[in-house]
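Here are some notes to read beside the model. Please keep the sequence and the structure open as you go.

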Amino acid sequence: MRISDYWRLMDDEFGAGYSRVLSSTLVLAGVGGRTADQALAAGVSPRKVWLAVCDVQDVPAERRLGRDVKPKQD
């Protein structure tokens, strides 16, 4: 997972504004007691950070892969 994928998932789940607040303030035990921003800066994989956020925020398993995007009809 790329950092851009992490931010897309965060924005889809929590909204663009709130996802930035969560990422910078929510302390995650799953990444060593750091915020998501700190963990990403320290080189923790974006996937591991995303899953840690999901665990703390009780994101259901069916939404952990992101929302379904329907293909455009021609």
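Which residues does Val-49 touch, not counting residues up to four places away in sequence? Point 2 takes this up.

1. Ground rules. This is a predicted model, in which local features need pLDDT of at least 70 and side-chain atom pairs count only at pLDDT 80 or more, while totals for chains, interfaces and linings use all residues. Residues are numbered from 1 along each chain as its sequence is written, and side-chain values use heavy atoms, with hydrogens and water left out.

2. Val-49 and the core. Val-49 touches Tyr-6, Leu-28, Val-31, Ala-36, Ala-39, Leu-40 and Val-44, leaving aside residues up to four places away in sequence. Contact here means heavy atoms within 4.5 Å. The largest nonpolar core has 18 residues, and Tyr-6, Leu-28 and Val-49 touch the most other members. H1, H3 and H4 are the elements that give two or more residues to this core. H4 supplies the largest share, 5 residues. A nonpolar core is a set of buried Ala, Val, Leu, Ile, Met, Phe, Trp, Tyr and Cys residues joined through side-chain atoms within 4.5 Å. Buried means under 20% relative accessible area, exposed over 50%, and partly exposed in between (1.4 Å probe, protein chains only).

3. Helix H1. Helices (H or I, at least four residues) and strands (E, at least two) are DSSP runs, numbered from the N terminus. H1 covers residues 3–14; its 12 residues should span 16 Å at 1.5 Å a residue, and its end C-alpha atoms are 16 Å apart, which agrees. The expected span is 1.5 Å times one less than the number of residues. The buried residues of H1 are Tyr-6, Leu-9, Met-10 and Phe-14. They lie on the same side of H1, because they cover an arc of only 100° around the axis. The arc is that of the directions from the helix axis to the C-beta atoms. These buried residues pack against helix H2 (16–25), helix H3 (36–41) and helix H4 (46–57). Gly-15 follows H1, with a positive phi near 90°.

4. Helix H4. Its buried residues are Pro-46, Val-49, Trp-50, Ala-52, Val-53 and Cys-54. They pack against H1, strand S1 (27–28) and H3. Pro-46 has a relative accessible area of 12%, so Pro-46 is buried. Just after H4, Asp-58 takes a positive phi of about 55°.

5. Ser-23. This residue sits in helix H2. Ser-23 counts as buried because its relative accessibility is 0%. Its side chain makes a polar contact with the side chain of Tyr-6, at 3.0 Å. A polar contact is a pair of N or O atoms within 3.5 Å; within protein, one must be able to donate a hydrogen and the other to accept it, and residues adjacent in sequence count only if both atoms are side-chain atoms.

6. Salt bridges. The count comes to 4 salt bridges, each a side-chain nitrogen of Lys or Arg within 4 Å of a carboxyl oxygen of Asp or Glu. Arg-8 pairs with Asp-12, the closest N and O atoms being 4.0 Å apart. These two are 4 residues apart in helix H1, so about one helical turn separates them. Arg-20 and Asp-11 meet at 2.5 Å, N to O. Arg-63 forms a salt bridge with Glu-13, the closest N and O atoms being 2.6 Å apart. That pair links distant parts of the chain, 50 residues apart: Arg-63 in the segment after H4, Glu-13 in helix H1.
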